[in-house]
Amino acid sequence: MNIAVVGLSHKTAPVEVREKLSIAEDAKAAAIAQLCSCPHIDEVAVLSTCNRLEIYLVTSETENGIREAIQFLSEHSGLPLYQLRQHLFILLHQDAVMHLMRVAAGLDSLVIGEGQILAQVKHTFKLGQQHKGVGVILNRLFKQAISAGKRVREETKIGTGAVSISSAAVELAQIKAANLAACRVAILGAGKMSRLLVQHLLAKGASQITILNRSPERAKELVAHFNGANLHLHPLSEMIPVVAASDLVFTSTAATEPLLDRAKLEFILEAQQSLMIFDIAVPRNVHSDVNQLSQVQAFNVDDLKAVVAQNQESRRQMAIEAESILEDELEGFDVWWRSLETVPTISSLREKVETIRAQELEKALSRLGTEFADKHQEVIEALTRGIVNKILHDPMVQLRAQQDIEARRKAMQALQMLFNLNSIENMANPNT
């Protein structure tokens with residue numbers, strides 16, 4: 001079995017490509033099922049965020065498994081393979097393992113150290129388990145990556161300061177608008193990104209904030225997190241008049257088509273009115289044609305890179321510290337991965353000893369007589385199992401712990417010879 005990751009990110013693809021690949025929350029189960037149905041994919045997990053879409057897979061035939069994953073991405077996005085391939089990256093085994101750990105730690109994010117990605121990795125893991133995409137190998141990989149992400153945040157200060165797309169958007173707004181306290185702000189959406197927007201806007205002095213959302217319940221939940229803040233609520237159906245009365249608009253909804261475009265804005269904006277829009281959604285909530293209006297300045301997630309760059313230098317040293325932590329976690333995964341080679345030998349040894357135990361127990365019980373056997377069988381069964389487990393414990397632990405590949409293989413060969421374990425395989429496969 002081999003581990004691979006196929007995907008694209010803010011480093012390899014612009015937002016107009018990433019939004020075509022984005023998988024909506026309610027479509028992830030179907031995506032996992034479709035990938036699992038591929039002949040050469042044994043396990044799969046799909047990580048889809050505003051900055052990346054990555055498919056983690058386990059396959060016994062690497063080339064074919066990767067080809068099936070790329071074909072899925074092409075069909076899902078509607079992009080022909082020749083257009084899609086130039087934006088994809090493919091990583092195998094150790095590189096794939098380290099990549100997921102770096103992603104979970106926030107080292108591969110647009111904003112280094114951002115906290116939201118760890119929760120997104122956890123959610124990807126949970127969905128993979130729920131929909132039967134995650135098996136033994138990805139289960140271990142994601143647990144190790146999540147552990148790595150937690151360690152990096154606990155043992156370094158990489159998560160301090162502005163470390164999210166939302167905070168970067170507010171920083172950019174402050175740079176462009178100067179005085180946020182004097183601005184009328186509208187936020188489209190009431191999810192986690194919007195909650196972070198409100199948090200950072202309030203911290204920067206904004207006081208005139210309106211939340212628009214399709215679900216009033218979700219909007220009220222957001223407001224409940226900010227007791228004392230004077231937040232105004234409106235249904236999304238009132239978007240146009242609210243936007244017309246705003247100076248700054250932030251968009252972060254799950255809509256798959258643009259909510260704002262030139263046609264909607266050009267008739268509601270006054271000639272001298274200035275409007276700045278910060279679209280942090282993928283797929284984009286704002287059509288690029290709004291920039292054709294002289295009164296409008298629109299920014300998307302890719303425009304945040306300049307703001308992010310200002311914060312990068314202070315985190316560079318912390319990122320170096322974090323990489324050493326990830327090397328430890330990678331070694332831990334590799335030790336487990338190498339131990340998988342011992343599983344067939346250990347299983348054969350346990351199967352042979354268990355067969356002997358069961359046969360000898362049956363003989364002993366038959367000699368003891370029915371009355372004694374019925375009365376004491378449970379005790380004798382536990383006794384023999386306990387003896388077997390204690391005898392097998394040390395050989396199994398030592399075999400799994402052996403770091404040197406050649407030494408481990410020699411130990412397995414010795415066990416196979418001494419216990420004649422090949423006879424078990426021959427019994428199971430009489431034609432061999």
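View A. Helix α8 (residues 165–177) and helix α9 have axes that come within 8 Å and cross at roughly 40°, where helices are DSSP runs of H or I with at least four residues, strands are runs of E with at least two, and both are numbered from the N terminus. The axes are lines fitted to C-alpha atoms, for helices over the stretch in contact, and angles run from 0 to 180 degrees between N-to-C directions. The two helices, α8 and α9, are therefore oblique to each other, given that angles under 35 degrees count as roughly parallel, over 145 as roughly antiparallel, 65 to 115 as roughly perpendicular and the rest as oblique. From α8, the residues Ile165, Ser166, Ser167, Ala169 and Val170 meet Met193, Leu196, Leu197, His200 and Leu201 of α9, with contact meaning heavy atoms within 4.5 Å. These contact residues of α8 and α9 divide into 7 nonpolar, 3 polar and no charged (Ala, Val, Leu, Ile, Met, Phe, Trp, Tyr, Cys and Pro count as nonpolar, Asp, Glu, Lys and Arg as charged, and the others, Gly among them, as polar).

**View B. The packing of helix α2 against helix α3.** Helix α2 (residues 28–36) and helix α3 (residues 62–77) pack with their axes 10 Å apart, at an angle of about 140°, which makes α2 oblique to α3. Ala31, Gln34 and Leu35 of α2 make the contact with Ala69, Phe72 and Glu75 of α3, and these residues divide into 4 nonpolar, 1 polar and 1 charged.

**View C. The surroundings of Met1.** Met1 has its place in the segment before β1 (2–9). Met1 and Ser60 are 59 residues apart in sequence, and their C-alpha atoms are 4.4 Å apart in space. Leaving out residues up to four places away in sequence, Met1 touches Asp42, Val58, Thr59, Ser60, Ile137 and Trp337.

**View D. The lining of the largest pocket.** Of the 50 residues that line the largest pocket, Glu25, Met193, Thr253, Ala254 and Val282 lie nearest its centre. Two or more residues of the lining come from each of the elements β2 (43–48), α6 (116–130) and α9 (192–203), and α6 gives the most, with 6 residues.

**Notes.** Residues are numbered from 1 along each chain as its sequence is written, and side-chain values use heavy atoms, with hydrogens and water left out. In this predicted model local features need pLDDT of at least 70 and side-chain atom pairs count only at pLDDT 80 or more, while totals for chains, interfaces and linings use all residues. A pocket is an open set of points on a 1 Å grid over the protein atoms alone, where a 1.4 Å probe fits, with protein on both sides within 12 Å along at least five of seven lines, and lining residues have an atom within 4 Å of a point.
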